[in-house]
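This report describes one protein structure for a reader who is new to the subject. Please keep the sequence and the model in view while reading.

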Amino acid sequence: MRKTTGLALAFVALAGAVGTTAYAENNASARMREGAMMRLDKAMKDSNGTISFDQFSDAMNARLKKLVADNGGKLTVAQLADALEKARFEEMAKRIVARDDSKGDGTLTTDDITGREKKVFAMLDRNNDGKIERNELPKKGRMGRHHQWDGGDDSME
C-alpha cells in the first residue's frame, strides 16, 4: 500500500473517532435533559400525575446515589470522573458497534472494520482510480470542525 493511501486511511480512522466524540459531547446536555424529562414523566405516570420529593430525587439521581453508596457513602472527584468517562465511552462503543456490526451479533470483526474502511475509501476516491489524491480530500469544514485535511502540509504526498 502506498504511503499516501496508508496515511489517508489512518487519518480517516482517527477522524471518525474524533468526530464521534465531538458529536457525543455536543449532544450530551440535550440527551441529559431528555433523559431527565423521561424519568420524570415515568415517575408521574407511576404515581397518578404527581410526584413527591423522594420520588423526584429517585428519578433524578438514583444512579448517582447508588454510586455514592457503592463507594462507602462518599464519592471523590476521581471516582465520579471515572464513572462518567466509563458511561460515555460505553455509549460511544454501543453506537460504533451498532453502526459497523454487519452480522448484527453485537460484535465487531476485522471484516466489519475493513468493510467500513472500504466504504470511506470509496467515498474519498472520487475518480475511482484506487488511490486518494490531495484534491479528492474534503476541503476545510466539509467533514466537521475537527477535520482540516487541506492544511498545507504536503507530508501525505
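## Terms and basis of the model

A salt bridge is a side-chain nitrogen of Lys or Arg within 4 Å of a carboxyl oxygen of Asp or Glu. The model is predicted, so local features need pLDDT of at least 70 and side-chain atom pairs count only at pLDDT 80 or more, while totals for chains, interfaces and linings use all residues. Residues are numbered from 1 along each chain as its sequence is written, and side-chain values use heavy atoms, with hydrogens and water left out.

## Overall architecture

The protein chain has four helices and zero strands, and its pattern along the sequence is α-α-α-α. Helices (H or I, at least four residues) and strands (E, at least two) are DSSP runs, numbered from the N terminus.

Of the 157 residues in the protein chain, 19% are buried. Buried means under 20% relative accessible area, exposed means over 50%, and partly exposed lies in between (1.4 Å probe, protein chains only). Contact means heavy atoms within 4.5 Å. Among contacts between residues at least 6 apart in sequence, 35% join residues at least 24 apart.

## Salt bridges within helices

By the rule given above, there are seven salt bridges. One of them joins Lys66 and Asp70, with N and O 2.7 Å apart. Both residues belong to helix 2 (residues 53-70), where they are four residues apart, about one turn of the helix. Lys66 and Asp70 are both exposed.

Lys42 pairs with Asp46 in another salt bridge, whose closest N and O atoms are 2.8 Å apart. These two residues lie in helix 1 (residues 3-46), again four residues apart, or about one turn. Asp46 counts as exposed because its relative accessibility is 56%. In helix 3 (residues 77-100), Lys94 and Glu91 are separated by about one helical turn because they are three residues apart. The closest N and O atoms of their salt bridge are 3.5 Å apart. Lys94 is exposed, at 53% relative accessibility, whereas Glu91 is partly exposed, at 40%.

## A salt-bridge network

Salt bridges also link Arg99, Asp100 and Arg116 in a network.

Glu136 lies in the segment after helix 4 (110-124). Its side chain reaches the backbone nitrogen of Arg126 at 3.0 Å, and a polar atom of that side chain lies 2.7 Å from the backbone nitrogen of Glu133. Leaving aside neighbours within four places in sequence, the residues in contact with Glu136 are Leu124, Asp125, Arg126, Asn127 and Lys131.

## The largest pocket

The largest pocket holds about 1,200 Å³ of space. Among its 28 lining residues, those closest to its centre are Met32, Arg63, Ala83, Leu84 and Ala87. Helix 1, helix 2 and helix 3 each supply at least two residues of the lining.

On a 1 Å grid over the protein atoms alone, a pocket is an open set of points where a 1.4 Å probe fits, with protein on both sides within 12 Å along at least five of seven lines; lining residues have an atom within 4 Å of a point. Grid points are joined across faces, edges and corners, and the volume is the space filled by probe spheres set on the points.

Terms used:
Polar contact = N/O pair within 3.5 Å; in protein donor to acceptor, adjacent residues only side chain to side chain.
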